[in-house]
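Please find below some notes for a reader who is new to this entry.

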There are 4 protein chains.
Amino acid sequence: MAIERLQALISDFASERDWHQFHTPKNLVMALTGEVGELSEIFQWLTPQQSTAITADPQGRSRVEEELADVFIYLLRLADVLQVDLVAAAEAKIRANEQRYPAELARGRAVKHSELRREVTP
Amino acid sequence: MAIERLQALISDFASERDWHQFHTPKNLVMALTGEVGELSEIFQWLTPQQSTAITADPQGRSRVEEELADVFIYLLRLADVLQVDLVAAAEAKIRANEQRYPAELARGRAVKHSELRREVTP
Amino acid sequence: MAIERLQALISDFASERDWHQFHTPKNLVMALTGEVGELSEIFQWLTPQQSTAITADPQGRSRVEEELADVFIYLLRLADVLQVDLVAAAEAKIRANEQRYPAELARGRAVKHSELRREVTP
Amino acid sequence: MAIERLQALISDFASERDWHQFHTPKNLVMALTGEVGELSEIFQWLTPQQSTAITADPQGRSRVEEELADVFIYLLRLADVLQVDLVAAAEAKIRANEQRYPAELARGRAVKHSELRREVTP
């Protein structure tokens, strides 16, 4: 199923419940925040290793899938009401990041591109 | 471009910079939180009406597209490392919500499904 | 009750349950994120006016107090494990903001200090 | 400096800039989200051990203090506009948690109180 089809499903779902009135971009950003908070609660006390193994357990997988779905649904809805093409925007950002984080400079170092440049610029 | 293709691009980008070591699910949830925070900063002082109009302004559109892209990129990466099919998970969740929020009960009311049931159950 | 006393209560609470092992700064930031997410869920569909009136309703007040408490508790705990004096840090930041946002420039305008300067600098 | 004094400073700061108009509870929750996002960005790629050591480095301490201050400032402002006594609310919540998480049940286990009860109830 393509992203546009999912967005249509979500819009119809909201429309049938007369929920479009609540779906301002501002409100949807808050709803997205709430879902990312729930995702965070799943992982907060896990070690890095436990976080990697979580989907090996059926119950863990089910919780994670549900929260990832909720985050994705609100992100799709937000992009829809703002008329932003998510896939095109992501591809453009990846291309921009390729310029901002040259592989030879960024290798193995998790720093912001602004700091990356500062470190190598006298 | 399909989601799997985007995920491959993102994974290659990280791999070329030796960043897979940082991409535990736990860390990626925190990175997602950071990006949602940046999105929130764009909208925090806007009225609901201003939030709806933001992409009519080229500069506003550009900022919003970039932050939505960042959120999407980390969500895609997170789903990838957890081996979760985002589209299938979203579709399953929409179907479940159709059961949990019957249109006739939920119409025009923004309450949680648990409260929805409680209100109509004596 | 002073902040240090609250922090001692929270530390004792965690210690009695052998929870200090979970309280790394990284984990506590995620727990804080989860609580801010719950706070966000309370307000997400409210109009600005409804958000202002929420504590006039006893049930609304109770929910808000509980979530604000949770956010505060994790913030206190985080400051404690990082050995940061929250009150001194906040006071220092307010003083810095007084420099960064001169009243005559910032009046009635919700923009970042960097943009504030840019606009008035030729 | 007491919390009420800090809140008065923050309110005066906003008042002098005619910013009270922006400080609805809804907007302040979004501002709090933005600051927690910035805090999250500091910690996202750190190991648990690195997160614990961050304030040993002067630059790390300075960044952490500034972000904790920002979170605290918006939390104080939010409690102020909602007329919630943060310290009293936190103390009440700690007392409630002492009931919800009996030490003998909760020892060494990071689970929610609802799950804690479920596990020991046949």
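1. Across the interface of chain B and chain D, four residue pairs are in polar contact, both residues being at pLDDT 80 or more. A polar contact is a pair of N or O atoms within 3.5 Å; within protein, one must be able to donate a hydrogen and the other to accept it, and residues adjacent in sequence count only if both atoms are side-chain atoms. On the side of chain B that touches chain D, helix 2 (residues 25-43) of chain B gives the most, with 12 residues. Helices are DSSP runs (H or I, at least four residues), numbered from the N terminus.

2. This is a predicted model, in which local features need pLDDT of at least 70 and side-chain atom pairs count only at pLDDT 80 or more, while totals for chains, interfaces and linings use all residues. Residues are numbered from 1 along each chain as its sequence is written, chains are lettered from A and ligands numbered from 1 in the order in which they are written, and side-chain values use heavy atoms, with hydrogens and water left out.

3. How many residues does the contact take from chain B and from chain D? Each of chain B and chain D supplies 18 residues, contact meaning heavy atoms within 4.5 Å. The area buried between chain B and chain D is about 1400 Å², and carbon and sulfur atoms give 60% of that. Buried area is the accessible area (1.4 Å probe) that two parts lose on being put together, summed over both. B:M30, B:Q44 and B:W45 supply 40% of the area that chain B buries against chain D, more than any other three residues.

4. Between chain B and chain D there are zero salt bridges, although the count over all chains is 32. A salt bridge is a side-chain nitrogen of Lys or Arg within 4 Å of a carboxyl oxygen of Asp or Glu.

5. One salt bridge joins C:R17 to C:E16, with the closest N and O atoms 3.5 Å apart. C:R17 is buried at 2% relative accessible area, whereas C:E16 is partly exposed at 44%. Buried means under 20%, exposed over 50%, and partly exposed in between (1.4 Å probe, protein chains only).

6. D:E98 and D:R95 also meet in a salt bridge (3.6 Å, N to O). Both D:E98 and D:R95 lie in helix 5 (residues 86-100) of chain D, three residues apart, about one turn of the helix. D:E98 is partly exposed at 28%, as is D:R95 at 36%.

Conventions
Helix = DSSP H or I, 4+ residues; strand = E, 2+ residues; numbered from the N terminus.
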